[in-house]
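Hello,

Here is the structure I said I would pass on. My notes on it follow below.

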Amino acid sequence: MSEEPPVHDDRFRPLTKTERELVEAKPLLSKKHNATYTIVNSVVTLSMEVFYKETRVEGLLNLPKDRGCILAANHWNMATDIGALMQTCPRKVHFWTKAELFNGPSLIKAFMNGMGCLPVKRNSRSGKKESNDDLFQHTVNTLIKGGVIAIFPEGTSHHTPHVTDLKDGASFAALQNAATVENPDDIAPIVPVGITYEPRRWRWRNHCVVRYGEALEMTPYLAEFAEDPRGAAKKLTAAIQSSLEKLTINAPDWPTLESAYRIQSVALGPSQCVSDLSVIQTILRLKAEKNVAFAETSKSVDRYYIELGRIGLLDKDLEFGLRDPPPSTRTILVHLAIYSFVFSLTLIVWLPCVLLHLPAFLLLVFLRWQEPYLESKAQKQIFSSYLLLPLTWILNAYLSHRLLSDHAWFDAKRFLICMVMAVASLPTAEDWRRGTWNLVAAVYRLLSARRRHGDAALKHVDEIRKVVRDKLRVDLEAHGAVWPTVEVRESEHEREDRLDRELDEERKKADREFETAKERVIVDAVRKAVVADAAVVGDPSLDSDAAAGVRKRTTA
């Protein structure tokens with residue numbers, strides 16, 4: 001994919017009659033895609049779902065439903081970024097693609113047209129500038145039909161922990177289209193899209209988060225665009241840059257980002273960091289501002305990690321919680337036995353899947369290790385798997401036929417079914433294996449730390465963690481960090497303890513209300529009895545002895 005500013009001098013050309021009809025009809029607003037795009041989109045979606053454990057999408061309602069738009073996304077992960085947009089956008093996404101691909105074989109050209117790619121001419125290496133009049137026309141035609149065009153304004157994929165300086169291509173395309181369209185309601189906005197991969201973009205079964213930001217309308221820039229096109233485009237590009245930085249995680253360098261992740265882990269808990277954006281952005285902003293108070297808090301976090309390392313624990317180990325009083329050694333051993341048993345059950349499913357595809361796995365690991373560019377590791381693994389997995393199946397089929405064909409129980413159809421089931425269940429089996437292994441390892445480290453350092457050391461480090469977390473929350477909330485709900489940022493045992501305390505309070509409150517109601521009923525009954533007895537005492541028909549007995553009961 002390429003991003004170069006289109007060159008077009010005739011910015012205010014009136015629409016033809018056909019183009020006006022297309023503006024009114026907007027045929028590309030339909031969710032129906034052609035066969036080429038449908039097939040490719042299905043393959044891309046399958047690839048993303050297999051490679052990433054979860055692709056989370058936020059802000060999809062910011063995508064306009066009644067007109068076309070330009071998606072301006074950051075570009076950290078090569079072709080995987082394209083897959084993330086195709087997977088999450090409900091409408092057909094058109095991409096700017098280098099024009100050389102359209103000059104190749106007719107089959108490739110037909111494929112590019114079916115995918116809705118728009119040819120863009122890059123400047124030659126000799127410095128000659130190419131005209132992109134055709135790109136402008138294709139872009140306008142696509143937008144007025146209600147199409148969605150995805151552009152990566154950074155120009156190329158990169159491996160830096162922040163959004164790089166944007167080029168003006170997306171701004172020029174949007175403003176030139178806006179200047180051409182007659183009805184302001186039909187002007188296509190720019191929707192910034194932030195794509196993040198956590199914690200590592202190239203590791204299998206990690207998380208992908210796609211955030212669609214608020215649409216940037218073109219109307220505020222049109223007046224200046226008529227007088228100073230480049231100045232208006234620069235201002236719009238700055239607005240896109242600001243929006244992308246709000247939708248992504250940006251740090252000046254990787255050590256700073258790693259330090260921010262450590263602080264975020266303490267503040268939220270390791271399992272809740274994927275869904276967070278506000279807290280990590282606040283941490284990075286305070287680091288950039290060199291806030292003195294926050295610097296002291298950061299030192300407290302460093303001391304906490306040093307104490308963890310001293311007793312051989314990780315921060316995620318404490319997410320399971322250390323109860324007060326701490327659980328007995330017997331309880332920890334029971335948990336370790338249960339988690340180990342569950343882990344062994346997951347291996348029953350996971351191990352055959354891996355062994356059947358072992359050659360492909362080893363080659364994928366080698367290719368990932370051999371790839372020097374981190375932003376290319378994920379796409380290399382995905383593309384290579386489409387070649388290596390079928391070759392592995394063929395190899396397994398050949399070996400099985402040579403070694404097992406003499407056995408009556410061997411059947412080629414059954415073997416093929418087993419291979420398909422193995423590759424289909426492998427992602428889920430890997431998730432189970434990792435989850436149960438993390439539980440086993442965490443409980444084992446807790447048990448080892450308790451045996452070597454005793455309960456006092458575990459309680460001490462847990463108290464440090466609580467103090468540091470409370471201090472972090474106060475500092476970050478004071479600087480505008482938006483926190484998740486209480487249930488999200490609590491660990492499991494903290495949530496259980498809180499619910500137990502709330503339940504006890506509810507029970508005590510109910511008991512108090514019951515006692516109060518019972519006393520009220522008794523008082524009312526006594527009051528009525530007193531009134532009745534007083535009336536009886538005043539009855540002149542009673543003798544003196546009966547009246548004296550009533551007085552005694554009333555006094556009691």
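**Surface patch**

A nonpolar patch on the surface is formed by Val334, Ile338, Phe341, Val342, Leu345, Ile348, Val349 and Trp432, which together have about 740 Å² of accessible area. Please keep in mind that this is a predicted model. Helix α12, residues 329-356, gives the most to the nonpolar patch, with seven residues. Phe341 is found in helix α12 and has a relative accessible area of 52%, over the 50% cut-off, so Phe341 counts as exposed.

**The chain as a whole**

The chain has 18 helices and seven strands. It is 556 residues long, and 44% of these residues count as buried. The accessible surface of the chain comes to about 29800 Å², and carbon and sulfur atoms account for 60% of that area. As for contacts in the chain with a separation of 6 or more, 78% are between residues 24 or more positions apart.

**Nonpolar cores**

The largest nonpolar core has 40 residues, of which Leu71, Leu85 and Ile195 touch the most other members. Helix α2 (residues 35-51) supplies the largest share of this core, five residues. Apart from this core lies another, of 35 residues, with Ala72, Ile149, Leu216 and Met218 among them.

What does Ile195 touch, not counting residues up to four places away in sequence? The list is Ala73, Asn74, Trp76, Asp81, Ala84, Leu85, Cys208, Val209, Val210 and Thr248.

Leu472 lies in helix α15, which covers residues 412-478. At 0% relative accessibility, Leu472 counts as buried. Leaving out residues up to four places away in sequence, Leu472 touches Ile263, Val266, Ala267, Phe294, Thr297, Val301 and Trp483. Leu472 and Ser300 are 172 residues apart in sequence, while their C-alpha atoms are 9.6 Å apart in space.

Ser265 is found in helix α9, residues 254-268. Is Ser265 buried or exposed? Its relative accessible area is 11%, under the 20% cut-off, so Ser265 counts as buried. With neighbours within four places in sequence set aside, Ser265 is in contact with Pro270, Cys273, Tyr305, Asp315 and Arg469.

**Cysteines**

Cys273, one of the residues in contact with Ser265, is buried, with a relative accessible area of 12%. Cys353 is buried as well, with a relative accessible area of 4%. A disulfide is a covalent bond between the sulfur atoms of two cysteines. A search of the whole structure finds zero disulfides.

**Salt bridges**

Side chains of opposite charge can pair when their charged atoms come close. The structure holds 17 salt bridges.

Lys234 forms a salt bridge with Asp168, and the closest N and O atoms are 2.9 Å apart. Lys234 lies in helix α8 (residues 229-247) and Asp168 in the loop between β5 (148-151) and α6 (169-180), so the pair ties together parts that are 66 residues apart in sequence. Lys234 is partly exposed, with a relative accessible area of 47%, whereas Asp168 counts as buried at 8% relative accessibility.

Arg310 and Glu307 also meet in a salt bridge through their side chains, at 2.6 Å from N to O. How far apart are Arg310 and Glu307 in helix α11? They are three residues apart in this helix (residues 292-311), so about one helical turn separates them. Arg310 is partly exposed, with a relative accessible area of 47%, and Glu307 counts as buried at 16% relative accessibility.

The side chains of Glu371 and Lys380 meet in a salt bridge at 3.1 Å, N to O. Glu371 is buried, with a relative accessible area of 11%.

Lastly, Asp66, Arg67 and Glu217 are linked in a network of salt bridges.

Regards

Terms used: Residues numbered from 1 in each chain as written. Predicted model: local features only at pLDDT ≥ 70, side-chain atom pairs only at ≥ 80, totals over all residues. Heavy atoms only, no water. Patch = residues over 30% accessible without salt bridge, like charges linked within 9 Å, V, L, I, M, F, W, Y side chains within 5 Å. Areas by Shrake-Rupley, 256 points an atom, 1.4 Å probe, with all protein chains shown as cover. Salt bridge = Lys/Arg side-chain N within 4 Å of Asp/Glu carboxyl O. Helix = DSSP H or I, 4+ residues; strand = E, 2+ residues; numbered from the N terminus. Buried < 20%, exposed > 50% of the residue type's maximum accessible area, 1.4 Å probe, protein only. Core = buried A, V, L, I, M, F, W, Y, C linked by side-chain atoms within 4.5 Å. Contact = heavy atoms within 4.5 Å. Disulfide = S-S within 2.5 Å.
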